[in-house]
Amino acid sequence: MNKSGLFIAGTWQEGGEALEVRNKFSDALLAQVGMATKEDVARAVGDAAAFAPVLADTPLHRRSGWLRKTSELLLTHKEDLARTIAGEAGKALKYSLLEVDRAASTFDLAADEARRIHGETVPLDAVASGEGYFGFWVRRPLGVVAAITPFNFPLNLVAHKIAPALAAGNPIVLKPAEQTPLTAIKLFEILLEAGVPDRAIQLVQGLGEVAGEALVSDPRVAKISFTGSRAVGDRITRAAGIKKVTLELGNASPVIIAPDADLDYVAKRCAVGAFYNSGQVCVSVQRIYADRKVSEEFNARFVDAAEALKVGDPLKPDTDVGPMIEPSACARVGAWVDEARNAGARVLTGGKREGNVYYPTVLAGVKPEMKVMAQEVFGPVAGVQTCDSFAEALAAANATDYGLQAAVFTQDIDRVLRAVKSLDFGGVIVNDFPGFRADHMPYGGNKQSGLGREGLRFAIEDMTNIQMVVIKQR
Ligand code: NAD
């Protein structure tokens, strides 16, 4: 099957050299999608820039209407979209279905938020030099948004860029991950069916070093919205020049288990949070700091919960954990687990591979310097480190360059407040895993986990310029 994967200046186009899209479990060829050249990217950005004034003048209620309709259509096409995600991303069908629900809710929330875009008056006469002046500020669209997205949520993370861009009145050029181009193509078909003007959305497929770099370095782009790895985020900020940049990068998510936590509940939630989507989630449970009084018992329950997960073909409805995105990712995770094992960690379950599937893996006796604790694993591996006090656990959780989301399990309000104050993370989740996200909450990282926040209101704010208006009374 060949698919025209580029959507430029209102028409579907075939593009150049083909990208092979494979089922990540069976390796069957799903489609071939032509990649964009640098010239294709330049045409897409040029056409989006030419259309920007038209979109900026389109009334809010119309922009909101497209977003609402997109939300409805996503639900109409739910099964097909979920099967596409399960095939090309390897995400278990049950979680692919949830991703479609979340994307529908992202567009629905954006439709609401679009209607609330407004400014404020400024009492200019609060200073003597402002006497006789009337002032207010408004939010104006800023122009072309360039969006670059990762493979692990090929629908909802694209939704988190397109929905706020259209709400704010900006045209968008999207370069989705090269592993997952088909979901983006289907979303574009839905956006067009929902009435989004064809020049407001442009799609360029291909590799980061070609299409991605051409996009971020184009001077006609006003803002880059990137979700992906820290290394690529770093490269993008260097190539960007003077542009607004939002970066949603990685994490090595910590979980703190206090001695008063309900261990059965914690173990079950940690098993979901560590292993769904094979741990390929930026806020996947990775570094667990368990109080010494409960760590042995927690480990036993965590292993039971991990072993209860069904591993295999993501298209089967009862599968919990599917394959990783590519064999090299599986091999890297295996090497990191071996490194930890050779340095004294105990593999309580997992630590093995079958095809492209890496089994849910629990490590005990880990040390901070092991790769599985010091870097982002981005795979189905969680390490449990024993701590002698809550203060020690907080310090260990903070001992990272990352700062996206952290979780604490405790019933003790004093511990909750101490955790909230001391954890240097963009989000602190109490009594659930660090992957909790509602799509309208502010979401983003401190330190090396990124710049800025997503979540509709926050993304829209960042996709607008504040324009001040001063009127002198004469
Ligand atoms: P990646 O950084 O390898 O790729 C992400 C995107 O960047 C892809 O579309 C890729 O083609 C593009 N790209 C690569 N090189 C580029 C370049 N030089 N210029 C421009 N674009 C380029 O990430 P991935 O493997 O797809 O995803 C995994 C990473 O994403 C993990 O680190 C994960 O934590 C992070 N992530 C973060 C969030 C978040 O919200 N903070 C969400 C999901 C994933």
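Trainee: How many residues of domain 1 are in contact with how many residues of domain 2?
Mentor: This is a predicted model, in which local features need pLDDT of at least 70, side-chain atom pairs count only at pLDDT 80 or more, and totals for chains, interfaces and linings use all residues. Residues are numbered from 1 along each chain as its sequence is written, and side-chain values use heavy atoms, with hydrogens and water left out. The chain is divided into domain 1 (6–249 + 447–472) and domain 2 (253–430), with bounds from an automatic or database domain assignment. Taking contact as heavy atoms within 4.5 Å, the count is 23 residues of domain 1 against 31 residues of domain 2.

Trainee: What area do domain 1 and domain 2 bury between them?
Mentor: Buried area is the accessible area (1.4 Å probe) that two parts lose on being put together, summed over both. On the side of domain 1, Phe-25, Tyr-95 and Lys-447 supply 25% of the area buried against domain 2, more than any other three residues. Carbon and sulfur atoms carry 58% of the total, which is about 2,400 Å².

Trainee: Why does the ligand lie between the two domains?
Mentor: The shell holds 28 residues, the closest being Thr-149, Glu-178, Ser-229, Leu-249 and Glu-376; a residue is near if one of its heavy atoms lies within 4 Å. The ligand lies between the domains because residues of the shell come from both domain 1 and domain 2.
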